[in-house]
Amino acid sequence: QVQLVESGGGLVQAGGSLRLSCAASGLTFSSYAMGWFRQAPGKEREFVARISWGGSRTYYADSVKGRFTISRDNAKNTVYLQMNSLKPEDTAVYFCAAAGRPWAVPTTNGPQDFGSWGQGTQVTVSS
């Protein structure tokens with residue numbers, strides 16, 4: 001039974017930093033590409049970042065490129081999202097996701113490429 005639990009969300013002022021964590025269980029973590037998505041009220045869920053099985057390859061949405069860093073620690077079954085230079089438009093619920101099957105390579109950066117989801121953690125960036 002796959003379980004993903006996000007933590008680290010909260011309230012931060014614009015320009016500040018926040019680090020999100022996602023603890024995974026019920027899967028062979030090192031065999032799964034992982035991703036972060038976010039969803040603001042009234043908006044569709046959007047891709048933020050993803051990372052390959054061993055962490056050597058990373059991908060980012062243009063809106064966060066240069067500000068966010070995704071990483072993983074396979075020994076701890078944990079994926080991270082370091083968020084720097086936060087902007088009010090980053091305000092959203094952030095979701096951790098695992099690829100739909102082991103060794104799968106996401107092709108679209110869309111939610112459809114991911115099969116397991118956490119419950120989300122709220123990030124609020126004030127002006």
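Reader: Before we start, what does "partly exposed" mean here?
Author: Buried means under 20% relative accessible area and exposed means over 50%, with partly exposed in between. The model discussed here is a predicted one.

Reader: Is N109 buried, partly exposed or exposed, then?
Author: N109 has a relative accessibility of 25%, so N109 counts as partly exposed. This residue is found in the loop between β9 and β10, the latter spanning 114–117.

Reader: What about the phi of N109?
Author: Its value is near 65°, which is positive although N109 is not a glycine. Most residues other than glycine have a negative phi.

Reader: Where is S85, and what is its phi?
Author: S85 sits in the loop between β8 (78–83) and β9 (92–99). The phi of S85 is near 50°, again positive in a residue other than glycine. With a relative accessible area of 42%, S85 is partly exposed.

Reader: Which residues does R67 touch?
Author: Leaving aside residues up to four places away in sequence, R67 touches Q82, M83, N84, S85, L86, K87 and D90. The side chains of R67 and D90 are also joined by a polar contact of 2.8 Å.

Reader: Is R67 buried or exposed?
Author: R67 is buried, as its relative accessible area is 11%. It lies in the loop between β6 (58–60) and β7.

Reader: Changing topic: what is the strand order in the open sheet?
Author: The open sheet has four strands in the order β1-β3-β8-β7, and their pairing is antiparallel. β1 (3–7) and β7 (68–73) stand at the edges with a single partner strand each, so one side of each has no neighbour in the sheet. From one strand to the next, the twist averages 15°.

Reader: How many bridges join β1 to β3?
Author: Five bridges join these antiparallel strands, with β3 covering residues 18–25. Within this pair, E6 stands opposite C22 of β3.

Reader: And β9, how many of its residues are buried?
Author: Seven of the eight residues of β9 are buried, so the strand is mostly covered.

Reader: Which strands does β9 pair with?
Author: Its partners include β4 (residues 34–39), which pairs with β9 in the antiparallel sense over six bridges. There, F37 stands opposite F95 in β9. Three bridges join β9 to β11 (residues 121–126), also antiparallel, and V93 stands opposite Q122 in β11. Another three bridges join β9 to β10, likewise antiparallel, where A99 stands opposite F114.

Definitions and conventions. Residues numbered from 1 in each chain as written. Predicted model: local features only at pLDDT ≥ 70, side-chain atom pairs only at ≥ 80, totals over all residues. Heavy atoms only, no water. Pairing = 2+ DSSP bridges. Helix = DSSP H or I, 4+ residues; strand = E, 2+ residues; numbered from the N terminus. Axes fitted to C-alpha atoms, helices over the stretch in contact; angles between N-to-C directions. Buried < 20%, exposed > 50% of the residue type's maximum accessible area, 1.4 Å probe, protein only. Polar contact = N/O pair within 3.5 Å; in protein donor to acceptor, adjacent residues only side chain to side chain. Contact = heavy atoms within 4.5 Å.
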